[in-house]
Structures are given as structure tokens and as C-alpha cells.
Amino acid sequence: MWQCQLVSMSSSGTPGKARSWDRHSEIGPPAVDLVGLVKSHQINSRSLSCRPLYCIPDENSKVLILQGLKQEVTSLCPSPDGLHLAVGYEDGSIRVFSLLSGEGNVTFNGHKSSVTTLQYDHLGGRLVSGSKDTDVIVWDVINESGLYRLRGHKDAVTQALFLREKNLLVTSGKDALVKWWDLDTQHCFKTLVGHRTEVWGLAFVSQEKRLITGAADSELRVWNITYIQEATDPNEPESKKSKGPPAQAEKTSEVDETSAQDEMLEERLLRCNKAGSIMRAGRDRVVTLATDRTGRILACHGTDSVLEVFCVLTEEEICKKMEKKMRKAKKKAKLKSEEEEPEGSVEMSLQEEIQRVTSIKASAKIKSFDLILCPKGELKATLLLQNNSIESYILKPSAQVPQVVRASKITIGGHRSDVRTLAFSSDNIAVLSAAAESVKIWNRSTLQCIRTMACEYALCSLFVPGDRQVIIGTKTGKLQLYDLASGSLLETLAAHDGALWSISLSPDQRGFVTGGADKCVKFWDFELVKDENGTQKRLSMKQIRILQLDEDVLCVRYSPNQKLLAVSLLDCTVKIFYTDTLKFFLSLYGHKLPVLCMDISYDGALIATGSADRNVKIWGLDFGDCHRSLFAHDDSVMTLQFVHKSHLFFTAGKDHKIKQWDADKFEHIQTLEGHHQEVWCLALSPNGDYIVSSSHDKSLRLWERTREPLILEEEREMQREAEYEESVAKEEQPVVAGETQGETGLAGKKTIETVKAAERIMEAIELYREETAKLKEHQAICKAAGKEVPLPVNPILQAYGNISPSAYVLEVFKKVKSSELEESLLVLPFSYVPDLLVLFNEHIQRGLEVELLCRALLFLLRIHFGRITSNQLLVTVIENLKKTTISKVSEVRNVLGFTMAGLQFLKREIEAKDEVTFFADATDRFEEKRRKRKKKEKLVLAMV
């Protein structure tokens, strides 16, 4: 049996833990994001959850790897203080990592689909997340809990931004809407409907007085924001309302009343009117729209490789430009002898206030970017590219003609496109991978690329016996022969008229067979020919036979004894021919879609076929009978290969999974999860200890067989748990009794963890009930006996240090994650609530965990208000809770106030001490300068 353990990991991440095979490492450059220097606003990366940090431009070395979940990372956002990083995942979860320790201790679960945007507020205390499930959730990072869920968008949320001065939130979505949310009342008070297509980006400029939106067209829309002052108190004396004369004040109040009547409900907080548009050079949709931290520089890019940079003028610069314009206009008016003043005709256009600086042309399509404007006026732009590389550019926006200079580039030695074919050398050491632009040879043990050779679009490959040459079959139907020692192309042959889909080495190792889209199977032999450039002989290929068929050939395989040749055709059948005479032997039909892959077992007894119909069929090669049909994957089966000297085989499909099967027992053994996109191909090492797989996520993953035994029952149990967790996540979320579904809701969601937490609370309360009953019985026994009888101690309580049952319930409560507390209490049956209220009263009276218990108490009162108030037995408990809660919360508030006052006092003391030190240092320096000057004057006088 095989087992899997993570041996090492590469620059892209960890897949979590697979069970019986192990991803040994990852070859190639998955997309990476710079954090700290690069804040990625929208990342559609195809790499694993662990994200490397890089230090640029001084050295291209990783400084930190964050161990994440198995799911794909979809969004990143660093905190304002730069100490934490929020990471959004494909399954809707969010983790907050510490960049000092690299640990992720905070996890938020609220979204049902992948997280599309993350944003901190300016203090770093709140985090907003948007998702493909159309919901926006605001999280309390300090308390590690969800605050509320905002509903209103009809399609995926693309961007969310907090305002600094106001407690407001702006969100955009693919429903072509921009929504303004009042976070005090948690409702949407304004919706901008001026877009005809999806809104992909938002950015605030000019000290949040302007909003810029980017949509699926080439237009950046600019909106003027006017914040409305809060209404005055109607009970305020008339003299305080206005400093002007009474008549003017009356007139003003009348105007205010009429305007207040005309003012619509959504305009009580602010007005947002369209100011105009800025045209981009790109014609496609906006992918990322963002500003630097100062708000002076605005940049955006589409699906191409051009980053457009704009400069937003400040109010001072606008005033200077206006004065300059006015002077020019007056001068022009004097020359024309016009009497009219030109003030009214001089206006600043939007294009003059938001000026185009330049465009940065990257070496590939841009995925995301970040900007830093240095104090000296130098702009640094760091771009994350689609081809898994990072580039840093420098320019000076204030220059008349800004020159863009590429400062540095971070890249890893991997493919820039999807790897479509893999092969192992006969000694299990070298791995061949080929893509659309190159062939690479990797050392399996060191994971280093040892040779790179340019090629055409590769579809299949093999190592020539001896492992000194490799052969590549291309999309244009050519065979390319490479020498590994020199890395040179030895020979190119036009083998097929269409794509060369498959190649198979003959068991006698004297030749190979190819199949292509020209409906031909061709047989080739190796031969030595004289090198044209020298006297030595070199390896070459010679065609010896052709088998013409009626359909395109998709896959060819030799039987181990080389007596039979299996050919899969586009008509969904597999035909078996005798190799020597090429006579037809068997036809295997049963698949509904074409067979994309197949393999024959080492003893020639079985042939397994994988098809685009998602099924794998196991056939007997003696009579062509179908032993079993297995529903293998949720999408097309792309590759299949038997393990050497066994009837176990591996399959990989477009459902991102690699699976192991037993062809004798027709059982699914295990699933290897790690890839996030379609798995194109895999290769098993000849000794069966390693698997290498390639995927559309731009990575190669190496898996190693370990010696730990694999227990199928455990695998089945883990699979059932995963299915249950998936079903729980898809369930309708429980609602609070008496509350209707509106714009706002609970932030969390029901997960397997919240269900387990609720079960632990129930078990603790039941233990409390049992122990309380036992204590009463014990007291009655002692009273009847007239002496103290020893009380048996519960082993659970003994393990916690002989604590009381009520203290044990509190310990269980403290172990529930803060972000899961509300959801756990929501699924808790009401029969346990009365006991909880009694225990809360007891613990709050002692001053234990007042904040936690008050939070749980208020939530229980909210969701069970009707049943609690109608229960006469709980009236006294609620009254007691009211008294104790108010008094204890006041005490806690006083303690916090005293602590804050003490800290502020210490801060003032330190500041005063620093000022004294500063002035003392300045005085000393001044005295030193005066002393040196006097000494110099004395020397001059002495010389004179």
C-alpha cells in the first residue's frame, strides 16, 4: 500500500495533507504575490494556498512562506500596520496571518463561494469581504468575530472600500451596481445605476471627494461626492442657529425646510453625482483599478499587458492652474479689447484635474499591481503577470516626459504555459516536461531545472532508451529529437499531417509507435546515421510501417509482450491489432464519448480506458469483455496509467483530482488533492515510488509513495466526513425567530465546526446536570449517614484539575472560536438555554469572562426572546442577570477607562521626556558649534 506525507514544498504552497500519496514538491512557477510591497487588489491566481513573500529589488529571495489551506487563494489584503495579511480562499473562508510569526490563527467562515475582494478599514480593526455568493460581510478582526452580512447585490461582488471619515462602505458588483452602505444602520441608502456593464473596480481620490469606477468598457467614470452636514437640533435656540440678522436667518431656515422636504431619503448622508469620464487606452474591461496610499497616483489595467498611470492634482495645484488660466484669459481679453471679465468662462476640465502620466508596458499580461509613491516623487510599480513572473518599474510622474525603467524581475525556472506531456527517465531521476514553448528536464531529487530546450507546441513525449535523448510529438505533427548532453535539436521529422496525439515506446526498446489526427498509426525504428557536421554517428528515426484507419487516432499503447497494439479512435471505440501482421483482433466499445487515455497492465491481462464521458472501463485483453465500468471523475478523464507490476492504476481528470484504483477489486483507493485546475497529464516513475502531475494551474506536483500502511476504512470515513461537511455548507442557513430576511443578516455560516462546538456545549451542560444531581444525592446520603462520605470525582473534571461542573461549562465556552460562537448557539436546542442562563448569572457575579458571557447572553436573548419571556421559571433568572450584568459591565468599563487613562498619562510622560531630550541635544549641539567657531577664530587671529 502507499501512503502520503508532505516531504517538502516549493515556492507555491502546500496542498494540505493527502493520505496515501504525498505531494513531494512542486516544480515550476505558480503565480505569486508580493505582500508588504505589493498589495494585490484582485488575484485570480492558480497556485496553492501558501503564498511566498519576496524582497525586492535588492535580492530575489523568499523571506516568508505562509502555510495555508488546501484551497486556492483568490484574494489578499495586508493590514494598514503591515503586520497582518488577510487571505481569501476559493471555498469562501478567510484566514488572517501574522507576518511576524507566519501563523494564521484567525479564521472566518461566512461565504459559500470564493472570496473576490478583501479590504481593511484605515485603523485595521474591521475587515470587509465580498464573494461570488453576492454577499458582503464585515468582520471584527480584534474580537475575531463576524459583525453582520449585507445583502443587496444580484451578482458577484467585485470590490469593497471603507471610507476614512464616515462610517460608510462602498461596494461594486457584476450586476452593474455601486452600492453605498450606512454601517451604523446596516442598510443600503444609495445605489449608483450609471453603468451599463459589470463594475470591476473602485477607487477614492481627492481626499474621498471623488469616486472613480471602472467597468467592462474603456471609460473610467468619475463621481463627485458631497457630504451633507448633520441636521441641527430643532430644540436649539434661534440665536445659535444663525449668526446673521433675523430676517436672513428666517429666509435660510425656510430654504432649509423646503430643501429638506425635497431631499430624498438616500441623500441624507451624501450626494453622488457624475462629474464626467476619463477614457482609457485599452478597449477591454478593467481588471484592477487602484491608487497608491497617498491617493495622488491612479492606475488601472485591462486584460492586456499595459498599465495606465494617471496623476490626480491636489487642491493647491488646481488653484495654481486656475490662476494661471485666469491670467492668460485676462491677457487675451485685453489684446482683443473686450470689456467682459473672463472669470465665468474659465473652468478646469476633468482631464486637466486627472492627468494621464504614461503607460507601462509589461512583458506579459498583467494580473494585478501595486504602487508606492516615494517622498522624492519617484513612483514604484510592481506588477504580477499572468506568466508567473513579477516585474518592478520606476518612473517620475512629475517629469515632462516620464521615462519608465524596469528595476527588477522575479521569476522561477518553470514553464510559461500549460505542461501537456510528462515522462520519467528509466533510472527514476530525471523528469521531462514539455509545453507550448519549451522542453525542460528536471532533477527529481533537487527539483532543479537542468536543461531547457525550445520546441514547438508539445503534446506527447518519451525518453529514448539510455536516457540521453528525448523525443517530442508536436501539435503540427512533427517529431523532434533532442540531445540532452548538448541541449540541441538533432532532428525534426514531419511525421503526421495533423496533431501528433500519442507516442508509445515498444517493449523491445528498438522503436516506437505514433498516432495522430491524420487517421494514421506509424511505426518507427531507431537507427544510427552519420552526422552531417562531423564524422561520428548520431541517433535518428526511420519510419517502417503505416496503419491507416477510418478515424482520428487519440491514443496508442503496446502490450508488454509487444504482440498487441491498442488504438483509441475518435468514434469512441478502442481497436486492438496484432503488431506483426496489423490484423484486427478486438474492438472495445461502450464509451459514449471518445477515449482520451488508456493503459495496459504489466501482465497484459487488463486494459483500462478513460474517456471524456467521465467513466473508466476495465477490460480483459484476452476476449475483450468489460469487467467493470467505474464513474471515475466529475469531468473528462485526461490521463491513466498502471503502477508497475500491479493492477493498481491512477487517473487524473478535469475535476482537479488524481485518483488511485484497484483494477482487481474495482475499488477506489484514494484521492490526491492539490491541483486547482484541470489536470492534463501524469507520469509514474518506473519503480512506482513517484508520480509527477501537471495542471492548468501552471504547476508540476511531485508525489511520493511512503511506507505507512493505508487503511481503506479510514479513507472511506474521511470521504464521508468531507461529503457531510459539503452538504452542511450547502444547507439553508438557520434564521433567527421573528426576523425577516432583509438587507442584513448573521455574518457566519453553519459548518461542521459550529455543529461540533454546539455538541461540545450540549455535552458539557449534560455533564453539569448529572454532576449537580449526584451532588444533591451525595448531600442527602451524608445527612442520612451523619458523617462525610467521599464523593466520586468525574474523570473529565479530574483531567481539568478537579474543577466544578459549572467551571467546566465555562472552559468549553472559552474553547469555542470567537468567529463560530453565534452559529454554535444558533443550532443549540432551547432545552439547554435555561441551564446556560443560570450558569451565566453565576459566572458573571464572580466576574469571570464577563465580555464573552455577555455576548453569548445577548445573542441567546435575541434568538429565543419569545420563549424566554413567556417562561415564568426564567423571570427571576433574567432579573438577576439584569442586575449582575449591568453592575459587572460597569466595573469592566471602569477598569478599561482607568487603564486607558494610565496609558495616556505614560504616553504624555514619554513625549515630554523625549522633548526635553530633544531640546537638550539641540542645546548641546549649538554649544559645540559655538565652541568650535570660537576656537577657529582664535586660530585665525593667532595666524594673523
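Residues are numbered from 1 along each chain as its sequence is written, and side-chain values use heavy atoms, with hydrogens and water left out. Because the model is predicted, local features need pLDDT of at least 70 and side-chain atom pairs count only at pLDDT 80 or more, whereas totals for chains, interfaces and linings use all residues.

Helices (H or I, at least four residues) and strands (E, at least two) are DSSP runs, numbered from the N terminus. Strand β46, which spans residues 615–620, is mostly covered, with six of its six residues buried, where buried denotes under 20% relative accessible area, exposed over 50% and partly exposed the range in between (1.4 Å probe, protein chains only). The residues N615, K617 and W619 point one way from β46, while V616, I618 and G620 point the other way, and all are buried.

Strands of a sheet pair through backbone hydrogen bonds, either parallel or antiparallel; here two strands are taken to pair if DSSP finds at least two bridges between them. Strand β45 (residues 606–611) runs antiparallel to β46 and is joined to β46 by five bridges, with I618 in β46 as the bridge partner of A608. The two strands β45 and β46 form a hairpin with three residues between them, and R614 in the turn has a positive phi of about 75 degrees. Five bridges also join β46 to strand β47 (residues 626–631), again in the antiparallel sense, and I618 stands opposite R628 in β47. The hairpin of β46 and β47 has five residues between the strands, and G624 in this hairpin takes a positive phi near 75 degrees.

An open sheet is formed by four strands in the order β48-β49-β50-β51, with antiparallel pairing. Its edge strands are β48 (637–642) and β51 (667–673), each of which pairs on one side only. From one strand to the next, the twist averages 20 degrees. Within this sheet, β48 pairs with strand β49 (residues 648–653) in the antiparallel sense over five bridges, and F642 stands opposite F649 in β49.

Two packed helices are described by the angle between their axes and the distance between the axes. The axes are lines fitted to C-alpha atoms, for helices over the stretch in contact, and angles run from 0 to 180 degrees between N-to-C directions; angles under 35 degrees count as roughly parallel, over 145 as roughly antiparallel, 65 to 115 as roughly perpendicular and the rest as oblique. Helix α6 (residues 752–785) and helix α10 (residues 833–846) have axes that come within 11 Å and cross at roughly 75 degrees, and the two helices are therefore roughly perpendicular to each other. In this packing, I765, Y768 and R769 of α6 meet D835, L836 and L839 of α10, contact being defined as heavy atoms within 4.5 Å. By class, the contact of α6 with α10 has four nonpolar, no polar and two charged residues, where Ala, Val, Leu, Ile, Met, Phe, Trp, Tyr, Cys and Pro count as nonpolar, Asp, Glu, Lys and Arg as charged, and the others, Gly among them, as polar.

Helix α6 also packs with helix α8 (residues 805–815), at an angle of about 175 degrees and with the axes 9 Å apart, which makes α6 roughly antiparallel to α8. The residues R760, I761, A764, I765, L767, Y768 and E771 of α6 meet P805, S806, Y808, V809, V812 and F813 of α8. The contact of α6 with α8 has ten nonpolar, one polar and two charged residues by class. Also placed in helix α6 is T754, which is buried with a relative accessible area of 1%. Not counting residues up to four places away in sequence, T754 touches K749, E820, E823, S824 and V827.

The structure holds nine aromatic pairs, in which rings of Phe, Tyr and Trp (its six-membered ring) have centres within 6.5 Å, and planes under 30 degrees apart count as stacked, over 60 as edge-to-face and the rest as tilted. Among them, Y578 and F585 form a tilted pair at 5.1 Å centre to centre, with 50 degrees between the planes. Y578 counts as partly exposed at 32% relative accessibility, as does F585 at 25%. An edge-to-face pair is formed by Y800 and Y808, at 5.3 Å centre to centre and with 75 degrees between the planes. In this pair Y800 counts as partly exposed at 33% relative accessibility, whereas Y808 is buried, with a relative accessible area of 11%. One aromatic cluster is formed by F512, W524 and F526.
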